[in-house]
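This report describes selected local features of one protein structure. The sequence and the structure are shown first.

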Amino acid sequence: MNTFIKLEPVFKEIVWGGNRLKNDYGFKSDLNNIAEAWMLCARNDGDNIIVNGENAGQSFTEFIKANKSLLGSKGQSYEEFPLLIKFIDAKADLSVQVHPDDEYAKMHENSYGKTEAWYILDCDEGAELIYGFNKELTPDEFRKSIEDNTFLDYVNKVKVKKGDVFFISAGTLHAIGSGILLAEVQQNCNTTYRVYDYNRLVDGKPRELHVEKALDVTNTVPPVRNGDPDSAPVLKGTATEQALCSCEFFKMDSVDVKDTYTLNVDNESFVSILVLNGEGTLNKDNEAITCKAGDSIFVPASSGEITLKGEFKVLLSTL
């Protein structure tokens with residue numbers, strides 16, 4: 001079996017999306033926009049296709065079901081594939097929204113909850129996002145602010161810059177603002193409770209809001225974190241690695257490879273390698289695969305030492 005499983009993205013057209021993913025990463029699509037490119041997914045509404053090796057043409061879901069041990073000891077405890085990883089291009093503001101935790105989602109949606117993290121890849125000058133509230137509100141105050149349209153007076157708006165990391169635990173109010181390009185690592189759930197959508201119309205109708213469920217799950221408090229990564233960059237040989245974010249569901253790091261970088265893939269978790277810029281090769285014994293910006297490669301658990309060669313930056317995600 002191949003060590004490096006290259007995946008074809010799944011594209012999503014949404015009213016707020018742009019075309020930076022086509023322009024910056026060379027993605028090809030007949031859609032009017034690529035709001036989201038799902039780079040690692042195994043879902044009914046989005047399933048990667050393997051594009052290389054002996055499993056070329058197979059869906060990622062089928063591949064994982066037949067080879068669940070490749071997820072590692074942590075991954076095998078999940079009924080479904082545990083992560084969903086995306087590129088997101090916000091040409092316009094996204095709706096202000098919130099996601100449930102596992103307990104609420106299982107009870108009301110028959111799904112996992114959704115905790116996620118954003119890594120800002122690029123942004124327009126002055127771009128900002130919504131991250132929690134600027135003061136603590138009671139549930140009644142939260143409801144009233146929605147009803148009397150003063151809701152945006154209470155949200156916490158944060159100006160962003162390239163390299164910022166935002167950890168968004170389930171229950172955290174949030175919205176990506178216009179002019180932001182980011183990578184998102186999240187639990188494998190797409191349950192979204194939309195609180196506010198700027199009175200935007202789709203096919204002449206307002207988008208559905210989910211106020212009552214949002215009231216159930218939203219933590220109406222300011223965020224406890226800012227946009228700083230977990231740690232400062234660290235030089236490892238000729239490469240620079242940085243721990244970006246870690247929680248009970250996933251861990252994500254970035255590595256800026258300038259010649260070679262060695263990564264050990266243990267028996268606990270697979271590794272998702274998302275190439276953010278540049279190009280190079282991934283190598284394991286006599287196996288090698290070329291990769292470039294916009295490529296997504298799944299590396300099975302217990303693959304041992306692999307070597308990244310070239311000049312490129314990657315986002316590494318594990319359980």
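## Hairpin between β18 and β19

Strands β18 and β19 form a hairpin with two residues between them. In that turn, Gly 237 has a positive phi of about 65°. Strands here are DSSP runs of E with at least two residues, numbered from the N terminus.

Strand β18 covers residues 234–236 and runs antiparallel to β19 (residues 239–246), with three bridges joining them; two strands pair if DSSP finds at least two bridges between them. Val 234 has Glu 241 of β19 as its bridge partner.

## Hairpin between β19 and β20

Strand β19 is also joined to β20 (residues 251–257), by six bridges and in antiparallel orientation. These two strands form a hairpin with four residues between them. Ser 246 stands opposite Lys 251 in β20.

Ser 296 is found in strand β24, which comprises residues 296–299. Its relative accessible area is 1%, so Ser 296 is buried (under 20% relative accessible area, with a 1.4 Å probe and protein chains only).

A polar atom of the Ser 296 side chain lies 2.7 Å from the backbone oxygen of Met 39. Not counting residues up to four places away in sequence, Ser 296 touches Ile 5, Lys 6, Leu 7, Met 39, Leu 40, Ile 273 and Leu 274, where contact means heavy atoms within 4.5 Å.

## Basis of the values

The model is predicted: local features need pLDDT of at least 70 and side-chain atom pairs count only at pLDDT 80 or more, whereas totals for chains, interfaces and linings use all residues. Residues are numbered from 1 along each chain as its sequence is written, and side-chain values use heavy atoms, leaving out hydrogens and water.

Notes. Buried < 20%, exposed > 50% of the residue type's maximum accessible area, 1.4 Å probe, protein only. Polar contact = N/O pair within 3.5 Å; in protein donor to acceptor, adjacent residues only side chain to side chain.
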